[in-house]
Amino acid sequence: AGVSFFSIPIIGFTQSGWGGLLIGGIAGTIGASVTLVVSIANAAFQLVLGLLKTPLALFSVYQEKVWDKDTYEWEYYSLQQESGDLSSGTSRIGGGGKVRDDEYYNLLGVSSNASSKEIKRAYYTKARDVHPDKNPDDEQAAEKFRKLHVAYQVLSDSDKRASYDKWGSSSINENSMGSGGGGSDFDP
């Protein structure tokens, strides 16, 4: 706001002299005023939104609900149910859903229900460890790195991941992963 208040009159003066300074001063004042009004309106909106949502959040916590970051909703949480889900392998935490082939998940060290952020973090961590430049004495380092890269390419793409989960690695053509995704043009 302050920049337009001072810069527009200066620009007006350099282009049109004193008349430009006057017009620039008026335009700068209007610009600064509009910026100030919009900022105040945004702050008021955020404040009202916070005031409206805080009681719901407090009440939901009181009801032993937890916030699901994926669906942006409050959900009931039962430790007893989660324990049963973990033992049956259907938990969203640590377990993983049913998939036909879990090789790529195992390569990255994540569960089959891992978020894209978890997959990315696991990939970068493992890639640093197995990179051929870090393991010059390991003849298999390039192949390990290539397989890790293919796993990341598949699991980080929602369509490829859904196909992999449903049909396994037979649905993935490693040679068509594109540059760096497997095949003859891969260069770690």
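**Aromatic pairs and helix packing in the predicted model**

Tyr 152 has a relative accessible area of 13% and is therefore classed as buried, the cut-off for that class being under 20%. The model in which this residue is described is a predicted one. Of the 188 residues of the protein, 24% count as buried. The protein contains seven helices and two strands, arranged along the sequence in the pattern α-α-β-β-α-α-α-α-α. Among contacts between residues at least 6 apart in sequence, 39% join residues at least 24 apart.

Five aromatic pairs are present in the structure. One of them, formed by Tyr 104 and Tyr 164, is stacked, with a centre-to-centre distance of 4.5 Å and an angle of 10° between the planes. This pair connects distant parts of the chain, since Tyr 104 lies in helix α4 (residues 103–108) and Tyr 164 in helix α7 (residues 158–167), 60 residues apart. Tyr 104 has a relative accessibility of 2% and so counts as buried; Tyr 164, with a relative accessible area of 0%, is likewise buried. A further stacked pair is formed by Tyr 123 and Tyr 152, with ring centres 4.2 Å apart and 10° between the planes. Distant parts of the chain are again linked, Tyr 123 belonging to helix α5 (residues 116–130) and Tyr 152 to helix α6 (residues 141–155), at a separation of 29 residues. Tyr 123 is buried at 7% relative accessibility.

Ring pairs also join Tyr 104, Tyr 105 and Tyr 164 into a cluster. Tyr 105 is located in helix α4 and is buried, its relative accessible area being 1%. When residues up to four places away in sequence are not counted, Tyr 105 touches Val 99, Val 110, Ser 111, Ser 112, Leu 155, Arg 161, Tyr 164 and Asp 165. For Leu 155, one of these partners, the separation from Tyr 105 is 50 residues in sequence and 8.0 Å in space, C-alpha to C-alpha.

Helices α5 and α6 pack at an angle of about 170°, and their axes are 10 Å apart. The two helices are therefore roughly antiparallel, a class that applies to angles over 145 degrees. On the α5 side, the contact is made by Ile 119, Lys 120, Tyr 123, Lys 126, Ala 127 and Val 130, and on the α6 side by Ala 141, Phe 145, Leu 148, His 149, Tyr 152 and Leu 155. Nine of the residues in the contact are nonpolar, one is polar and two are charged. Both members of the stacked pair Tyr 123 and Tyr 152 are included among the contact residues.

The largest nonpolar core has 18 residues, of which Tyr 104, Leu 108 and Leu 155 touch the most other members. Two or more residues are given to this core by each of α4, α5 and α6, and the greatest contribution, seven residues, comes from α6. In soluble globular proteins, nonpolar side chains tend to be buried together. With neighbours within four places in sequence left aside, Leu 108 is in contact with Ile 119, Ala 122, Tyr 123, Lys 126, Leu 148, Ala 151, Tyr 152 and Leu 155.

Definitions and conventions
Residues are numbered from 1 along each chain as its sequence is written. This is a predicted model: local features need pLDDT of at least 70, side-chain atom pairs count only at pLDDT 80 or more; totals for chains, interfaces and linings use all residues. Side-chain values use heavy atoms; hydrogens and water are left out. Rings of Phe, Tyr and Trp (its six-membered ring) pair if their centres lie within 6.5 Å; planes under 30 degrees apart count as stacked, over 60 as edge-to-face and the rest as tilted. Helices (H or I, at least four residues) and strands (E, at least two) are DSSP runs, numbered from the N terminus. Buried means under 20% relative accessible area, exposed over 50%, partly exposed in between (1.4 Å probe, protein chains only). Axes are lines fitted to C-alpha atoms, for helices over the stretch in contact, and angles run from 0 to 180 degrees between N-to-C directions. Angles under 35 degrees count as roughly parallel, over 145 as roughly antiparallel, 65 to 115 as roughly perpendicular and the rest as oblique. Contact means heavy atoms within 4.5 Å. Ala, Val, Leu, Ile, Met, Phe, Trp, Tyr, Cys and Pro count as nonpolar, Asp, Glu, Lys and Arg as charged, and the others, Gly among them, as polar. A nonpolar core is a set of buried Ala, Val, Leu, Ile, Met, Phe, Trp, Tyr and Cys residues joined through side-chain atoms within 4.5 Å.
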